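Please look over the structure shown below before reading on. The report then takes up the confidence of the model, its domains and some of its salt bridges.

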Amino acid sequence: MSNPFVRIVEPLDPKQPQKKFFNLSKLEDVRYACLPFSIRVLLEAAVRNCDEFLVKKGDVENILNWKVMQHKNVEVPFKPARVILQDFTGVPAVVDFAAMRDAVKKLGGDPEKINPICPADLVIDHSIQVDFNRRSDSLQKNQDLEFERNKERFEFLKWGSQAFKNMRIVPPGSGIIHQVNLEYLARVVMDQDGYYYPDSVVGTDSHTTMIDGLGVLGWGVGGIEAEAVMLGQPISMVLPEVVGYKLLGNPQPLVTSTDIVLTITKHLRQVGVVGKFVEFFGPGVAQLSIADRATIANMCPEYGATAAYFPVDDISIGYLIQTGRDKEKVTCTKKYLEAVGMLRDFKNSSQDPDFTQVVELDLHTVVPCCSGPKRPQDKVAVSDMKKDFETCLGAKQGFKGFQIAPDRHNSTVKFTFEGCDFELSHGSVVIAAITSCTNTSNPSVMLGAGLLAKKAVEAGLAVKPYIKTSLSPGSGVVTYYLRESGVMSYLSQLGFDVVGYGCMTCIGNSGPLPEPVVEAITQGDLVAVGVLSGNRNFEGRVHPNTRANYLASPPLVIAYAIAGTVRIDFEKEPLGINASGKKIFLKDIWPTRSEIQAVERQFVIPGMFKEVYQKIETVNKSWNALDAPSDKLYTWNPKSTYIKSPPFFDGLTLALQTPKTIEDAYVLLSFGDSVTTDHISPAGNIARNSPAARYLTSRGLTPREFNSYGSRRGNDAVMARGTFANIRLVNKFVDKQGPQTVHFPSGETLDVFDAAERYKQAGHPLIVLAGKEYGAGSSRDWAAKGPFLLGVKAVLAESYERIHRSNLVGMGVIPLQYLPGEDAGTLGLTGRERYTIVIPEKLKPQMNIQIKLDTGKTFQAIMRFDTDVELTYFHNGGILNYMIRKMAS
């Protein structure tokens, strides 16, 4: 390394003289010690990978004066140590790689240059669904059906693992990507290529931030951006602001980490942290386990930050040992962190960094809570749940309203299930799922749920049989300690059998509800409820028949399942009455923190982690039996409805095309605030009356074979038709929810895809109008690819969520932002105008450009290309086009 600001010091371990490490702290400037720990990791990675960075960008002052430099839009070329992917985003990434090899070959280059340089791990966790539950063989039957549905996709991924070097596939049935990363894949400190340096990661799932809880700097990026990183391209990012989140005090005995994270989510949404890092500090952090910290870091996308970082401390080092990591490597990890001044003592305030802004939370003020009914940031104290839900019933349609007429608030519908009579009403729980990486990685809440189940069964309580209950752990370790601690049988008795190892209900793979339940909900137009221990509850995500969905801790999921409704005040009303006529209240069966901790100390041990993870890549016999082709170029099957060569690179030449002004564009859709990537590109079931369903039917498939949108992300024909296909879509051009819009030339109301096709055939470009937080939620690249294929050239919004804006850039779709204080309302925009977006010859980051309407009105908007690198991608028509040209030349 020639960089004068990087010191390569003596080896940490005399037995390994070749192992040295980078040490920016040797700059011997007191300002370095004041930097947030997350910025130190970011800069270590930037310096390690981009030798010219410091000199090129104005010497070492760029590091030490980071609060000044962030306002000057200084770019940091961040190259993470690793990339992680899951199958819903991994399949389209491998499809793109295969298509890029074809494109490079056509342009006269070496196709095998399209190969990951940065190591990548792909965990298959998004494909399994809750088709079977409440039976002892649910796990096996769901896994069998998963392979039956997804065999073609899995064969394709296995081809990718053989065709591309540096790509490891973790087979289905192994766990959830972020939990596997936390318990197994994460290194904390890398010891590769003869050097020690901080572990860092980007992933194609927005909840990649979970690993920040272990002190590994990581965040979610779009699949398009991840592909570029895998090919050796750095992520160019503006030096971020860092909000210091100070934790004080101790949690109350009945409070779980889920309650803490839901409280933080609401708080930080109010603070406003989009595009910023959040770093946790203060004595309260020392009261949290790594699992607790990971829970908080996991929901970082829900409060909008880029990263939610917990620096490494002695508790982190203890976790590495608890999870069975190699002890010698753990020793070297600690030595390295001490040597570079990055081992944190949260009780020592003299180590507190200098932050852009500081906010505080006293953990003692946190109360048991849920979030919903339609957004993760809408926290509701459990004590207020009954009143809040009843208020939502009558409130105007919106994030906290269903607009049910007052005379229908107490409507009931009787139905028969398995020979017994039952009754549903507004607020009835029909789905209760212990699911997602957010909570199933945390032994305290999982064992808490198990102990609550034990006490509930012993008290004579049960869950009504029509409620769809499920338990989908994030790894096999969870089942291991639930079984060894003796609580698994009680969970099963309440219906919470293990149904699979994957995301399942959390991502909408909740499977079907019993037909009598669906008929009752439909007949009464009921606001039925899903309660899940997940991280997202956006409209239309969990299940089409649950209009209200609440995020809750695993113990509360069980409590609401037993109660059968969210219209209950746990303080005053019993969960149920047992066979002896005794009223059983929640407080009677809620386990204490000391009870949970005693069981955790006894049963969550290193041997479990070692046993589960030493066979993780070989344990799935169905995966091992898959036969995949060995060719370096993929042979596309024209009959496939899962894997299809995408049209992104059709007609691509080595010569750049000058970006042109977008003339007389129609508005395809006009939205309000908080349009999520689930609205733009849903992951769940394919509705039988949708354009995607019509396409699949024309290819000879029956509805039973449709599978989900998420599983078909390797086929652009399905995904283009699935763009804006969410049944809860609210488009201002149409007076009801649904995936439709107005085709203005004809005045007809059509499915969004059909309208876009008409515009495309007539040669009309399209734009989308939106409000605040456009693109919130998952990192799915199809939320940018889909609009691109529909002919959308630009989006004009009040603000963007970070990952989605990056994805739009990656596809060459222009993200435009209203000037401060302006929006569609202040400008008098109806969306029925035609828009000319003037693209100047010379572009610069975040410049203002002119928009002309056919009405004669003109206004300006900010072109949200934030860095010079993003402008380079735009001139190439997208990041993948740029990489193809780079490899081909």
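The protein chain of this predicted model averages a pLDDT of 91, and 96% of the residues score at least 70, where pLDDT is the predictor's confidence in each residue, from 0 to 100. Over residues 1–6 the pLDDT is below 50, although this stretch has 17 contacts in the model beyond near neighbours in sequence, a contact meaning heavy atoms within 4.5 Å. Residues 51–60 also stay under 50. Where pLDDT is low, the predicted coordinates should not be read in detail.

Residues are numbered from 1 along each chain as its sequence is written, and side-chain values use heavy atoms, with hydrogens and water left out. Because this is a predicted model, local features need a pLDDT of at least 70 and side-chain atom pairs count only at pLDDT 80 or more, while totals for chains, interfaces and linings use all residues.

The domain assignment, which is automatic or comes from a database, gives domain 1 (6–78), domain 2 (82–365), domain 3 (410–611) and domain 4 (662–888). The contact between domain 3 and domain 4 takes eight residues from domain 3 and 11 residues from domain 4. Together these two domains bury about 910 Å², 46% of it on carbon and sulfur atoms; buried area is the accessible area (1.4 Å probe) that two parts lose on being put together, summed over both.

One salt bridge is counted between domain 3 and domain 4, a salt bridge being a side-chain nitrogen of Lys or Arg within 4 Å of a carboxyl oxygen of Asp or Glu.

| Salt bridge | Closest N to O distance |
|---|---|
| Arg-541 and Asp-678 | 2.7 Å |
| Glu-241 and Lys-276 | 3.8 Å |

Glu-458 and Lys-454 both lie in helix H17 (residues 443–458), four residues apart, which is about one turn of the helix; helices (H or I, at least four residues) and strands (E, at least two) are DSSP runs, numbered from the N terminus. Lys-454 is partly exposed, with a relative accessible area of 28%, whereas both Arg-541 and Asp-678 are buried. Here buried means under 20% relative accessible area, exposed over 50%, and partly exposed in between (1.4 Å probe, protein chains only). Glu-241, at 24% relative accessibility, counts as partly exposed, while Lys-276 is buried at 17%.
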